[in-house]
Amino acid sequence: MAIISIASTKGGVGKTSLAFSLAKDLSYRYATNDMSVVLNKYKNARYYPNKIPLYPDTVYDFGGFENPHANEILRESDIIILPTTNDLNSIIKSLIIIKNFREKTILVFANMIDTPSDAVMIKEKIHEHFPNLAFTYLRRTKLLKNALESGMSASELYESSKHTQHLYKQAFGEYSKILNLFNGETSGY
């Protein structure tokens, strides 16, 4: 049971699809300061346009903008997951959040990676400034996007048929590394 924040001031890095899938897979509340399709797809999703309340067992999805109330939640989070793409602007924005919340447990999540060398580049850029931060990645895949659009979590979509198990095998393995952090299985970090 934890307070999980998916945060980035950069839009388009995959915050919403990751936050939705984690919330649904963990049976957590999903809270956001940004209107999204999740509000129609997940019964435990709530939109807070102003001040966001602090709840246990919640995945917070902070939209691609700065919000002073988000900082309060980030300070109370058990873990901050930073979706980061192979884009210098995304990396810089992640570094700023790391600097501001370096006392917190942070996982850098390199998302939408085309090649393993993209993940290595992001990791090296982050570790230049903050060595030893936890890091994982997800290759470019439609697993999280398709899960959100279907209203299923990534686990539910993966398990839905032999075809989806074949199609998403590698991506689901990568996603499972994050999910396992909250199921007590921390190997690989």
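# A tour from Thr85 through the sheet

Start by selecting Thr85, which lies in the loop between strand 5 and helix 4 (88-100). Helices here are DSSP runs of H or I with at least four residues, strands are E runs of at least two, and both are numbered from the N terminus. This is a predicted model, in which local features need pLDDT of at least 70 and side-chain atom pairs count only at pLDDT 80 or more, while totals for chains, interfaces and linings use all residues. Residues are numbered from 1 along each chain as its sequence is written, and side-chain values use heavy atoms, leaving out hydrogens and water.

Thr85 has a relative accessible area of 12% and is therefore buried. Buried means under 20% relative accessible area, exposed over 50%, and partly exposed in between, with a 1.4 Å probe and protein chains only. Now show what surrounds Thr85: leaving aside residues up to four places away in sequence, its contacts are Gly12, Val13, Ser90, Ile91, Asn111, Met112 and Ile122. Contact means heavy atoms within 4.5 Å.

**Strand 5**

Next select residues 79-84, which make up strand 5; 6 of its 6 residues are buried. Ile79, Ile81 and Pro83 are on one side, with Ile80, Leu82 and Thr84 on the other. In a regular strand the side chains alternate between the two faces of the sheet.

Which residue of strand 5 is the bridge partner of Ile6? Select Ile81 to see that partner. Strand 1 (residues 3-6) runs parallel to strand 5 and is joined to it by 3 bridges. Then look for Leu107 in strand 6, which stands opposite Ile81. Strand 6 (residues 106-113) pairs with strand 5 over 5 bridges, again in the parallel sense. Two strands pair if DSSP finds at least two bridges between them.

**Strand 1 and the whole sheet**

Move to strand 1, where Ile3 and Ser5 point one way, Ile4 and Ile6 point the other way, and all are buried. Select Ser5: in strand 5 it stands opposite Ile80, and in strand 4 its bridge partner is Tyr60. Strand 1 and strand 4 run parallel and are joined by 4 bridges.

Continue to strand 2 (residues 29-32), which pairs with strand 4 (residues 58-61) in the parallel sense over 4 bridges. Here Arg29 stands opposite Thr58 in strand 4.

Now display the open sheet of 7 strands, with parallel pairing and the order 3-2-4-1-5-6-7. At its edges are strand 3 (45-47) and strand 7 (134-139), each pairing on one side only. From one strand to the next, the twist averages 20 degrees.

Axes are lines fitted to C-alpha atoms, for helices over the stretch in contact, and angles run from 0 to 180 degrees between N-to-C directions.

Finally, select helix 1 (residues 15-26) together with helix 9 (residues 169-181): they pack at about 60 degrees, with axes 11 Å apart. Helix 1 is therefore oblique to helix 9; angles under 35 degrees count as roughly parallel, over 145 as roughly antiparallel, 65 to 115 as roughly perpendicular and the rest as oblique. To see the contact, show Leu18, Ser21, Leu22, Asp25 and Leu26 of helix 1 with Tyr175, Ile178 and Leu179 of helix 9.
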